[in-house]
Amino acid sequence: MKQWWKQTTIYQIYPRSYQDSNGDGIGDIKGIISRLDYLKDLGIETIWISPMYVSPQKDFGYDIADYYHMDPIFGTVKEAFALIKAVHNRKMKIVFDMVLNHTSDEHAWFQESRSSTTNPKRDYYIWKKGKNGAPPNNWISMVGKPGWNYDEKTKEYYYSNFLSFQPDLNYRNPKVKEEMFNVMRFWMDKGVDGFRLDIFNSIYKDESFKDNPFSIRYLPTPDNNDEAYFQEKKYTLNLPENFKLAKEVRSLVEKYRHKPFLIGEVSGDDKTLKGFLGEKVDGLNLVFQFELIEFKFRADFFRRILLNNEIEFPAPFLPTYVFGNHDQKRSISKIDGHLEKAKLLAFFQLTARGIPIIYYGEEIGLLEGNISNQEGLDPIARQNRWVPDWLSKFLGIYLNRDNCRTPMSWDDSANNGFTSSKPWLPLSSDTKNRNVEIESKNPSSILNHYKSLLRIRNKERTLREGSIGLIDKWKEEKDLLAYEREWEDSKIQVYLNFGNFPREIYFDEAEYEILYKSYVADTFLLQSYSGMLLKKRKSKKWFSK
Ligand code: GLC
Ligand code: CA
């Protein structure tokens with residue numbers, strides 16, 4: 001079977017917020033099934049769903065207590081199998097989230113592990129004695145808290161690279177690795193088409209347990225957690241053993257005929273990302289590239305991304321394009337909810353060389369919620385209650401992830417068609433205008449723009465597989481980004497106007513035809529914040545004046 005994932009489009013569903021089917025205010029599996037036709041019609045091939053396994057939900061599913069069953073709030077394991085089948089019936093693919101780094105502290109393994117120092121499961125986690133009444137070393141977690149957690153019962157510390165109720169598994173114990181590989185085998189046997197690997201770069205911790213070196217950096221950024229909170233995470237992130245694990249997991253998935261793929265959540269510079277992908281892309285198939293999370297709405301920003309990808313991640317590497325996820329502020333809210341600008345972002349994402357990853361709601365211009373740090377249910381917000389909203393805004397740090405997780409907006413009924421009762425999180429604003437129903441009827445809506453672009457992308461192999469290059473004539477332009485995709489003898493040109501004014505684009509109509517433009521106006525005038533796709537005509541002969 002060919003490597004289908006190289007041409008796919010990914011759509012992330014945050015299951016709590018997608019569609020509620022039983023009126024408890026929380027999205028669930030049956031709800032997702034009921035929306036698959038919508039996704040098919042949108043033009044999506046692969047859906048990735050955040051974790052739905054049994055979980056105390058302290059980190060809303062990223063704290064797993066049983067990897068073989070679904071949490072009752074989402075449904076049953078039978079319903080999960082039905083979901084897989086329903087996706088496949090529509091010739092779509094389904095990717096599960098896989099949290100390898102840690103379990104919930106309520107997982108049976110951890111319960112056993114913490115019960116005594118001689119328990120056979122003790123070594124499933126990372127336990128250490130303290131040093132003179134203090135933790136074993138200076139390691140801090142990815143969220144800036146002490147990584148070591150003292151456990152009264154056995155008077156030792158266990159390590160957690162994320163939150164303290166998420167104890168890290170010990171991959172130096174071969175049994176642990178085997179157990180987790182079995183979990184992945186189980187789901188691949190059931191037909192799952194791949195995994196999104198949660199904080200994959202955090203899995204191995206250095207055996208020496210040496211102190212991490214000091215760093216002057218305090219705040220992390222979406223694409224750099226390696227130096228933060230005054231620490232260089234030398235011994236706790238991106239270890240060589242972790243690069244090796246990427247290849248092992250790849251060999252595991254390669255055994256399956258349906259060619260599941262792996263996409264890793266990792267952070268670090270390009271060299272680090274390549275460490276996870278492997279020299280011959282024989283590690284993880286893809287990694288999330290998070291630079292777009294901090295995009296500047298400027299042609300040169302996106303030009304730089306394209307150029308850098310061709311230098312650092314040339315074929316057979318495949319770049320990924322991510323504007324948002326369930327941990328980051330929604331992209332549209334970084335451009336003041338501006339729908340035309342958001343359309344241009346989609347234009348870029350769906351026509352550049354690589355894999356687009358759309359976060360639910362982006363296709364309708366869904367806005368961030370308006371929930372304060374104090375009201376947040378998110379454990380990150382809870383641990384930062386004392387930080388006033390103005391301060392986190394001022395520092396540019398995102399402390400309340402509830403805001404990017406508000407319910408999907410399906411129509412303009414009382415709860416946007418998400419639930420028949422009170423939604424678990426308050427709705428975003430302006431959903432009267434920003435919803436699937438209303439936008440479906442409007443030909444120039446952002447939703448129909450996504451649909452058009454996805455339809456073209458699905459049809460034109462050039463956009464999925466072609467090479468990419470800047471168009472020489474326009475490569476110094478301040479407001480205009482112009483690039484060309486090429487595959488065999490087919491060529492598609494992309495023009496994106498990031499400026500406030502319309503631009504004239506002259507092209508030879510005998511040579512090129514307009515495949516799509518995101519505005520209705522004169523052929524040669526590219527409106528502000530608009531884009532245009534030109535396709536090279538097959539043969540000049542067919543064109544007669
Ligand atoms: C990842 C997830 C995030 C979660 C964390 C711990 O960063 O995206 O939502 O809280 O890992 O599992
Ligand atoms: Ca429900």
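Which residue forms a salt bridge with Asp327? In this predicted model, where local features need pLDDT of at least 70 and side-chain atom pairs count only at pLDDT 80 or more, while totals for chains, interfaces and linings use all residues, the partner is Arg405, with the closest N and O atoms 3.3 Å apart. Residues are numbered from 1 along each chain as its sequence is written, chains are lettered from A and ligands numbered from 1 in the order in which they are written, and side-chain values use heavy atoms, with hydrogens and water left out.

A salt bridge here is a side-chain nitrogen of Lys or Arg within 4 Å of a carboxyl oxygen of Asp or Glu, and the structure holds 37 of them. Asp327 lies in the loop between strand E14 (320–322) and helix H9 (339–351), whereas Arg405 lies in the loop between helix H11 (389–395) and helix H12 (436–440), so the pair ties together parts that are 78 residues apart in sequence; helices (H or I, at least four residues) and strands (E, at least two) are DSSP runs, numbered from the N terminus. Asp327, at 16% relative accessibility, counts as buried, and Arg405 is buried with a relative accessible area of 1%, where buried means under 20% relative accessible area, exposed over 50%, and partly exposed in between (1.4 Å probe, protein chains only). Both residues belong to a network of salt bridges that links Asp59, Asp327, Asp378, Arg401 and Arg405.

Another salt bridge joins the side chains of Glu279 and Lys247, at 3.3 Å from N to O. Because Glu279 sits in the loop between helix H7 (270–277) and strand E13 (286–287) and Lys247 in helix H6 (residues 240–254), this pair ties together parts that are 32 residues apart in sequence. Glu279 is exposed at 60% relative accessibility, and Lys247 is partly exposed at 28%.

The residues around ligand 1 (those with a heavy atom within 4 Å of it) include Asp59, Asp327, Arg401 and Arg405, and also Arg196 and Asp198. The side chains of Asp198 and Arg196 meet in a salt bridge of 2.8 Å, N to O, and both residues are buried. A polar side-chain atom of Arg196 also lies 3.0 Å from an oxygen atom of ligand 1, while for His102 the corresponding distance is 3.1 Å and for Glu265 an N or O atom of the side chain is 2.8 Å from a ligand oxygen. Taken alone, ligand 1 exposes 310 Å², of which the protein buries 97%, the areas coming from the Shrake-Rupley method with a 1.4 Å probe, and for residues only the protein chains shown count as cover.

Terms used
Polar contact = N/O pair within 3.5 Å; in protein donor to acceptor, adjacent residues only side chain to side chain.
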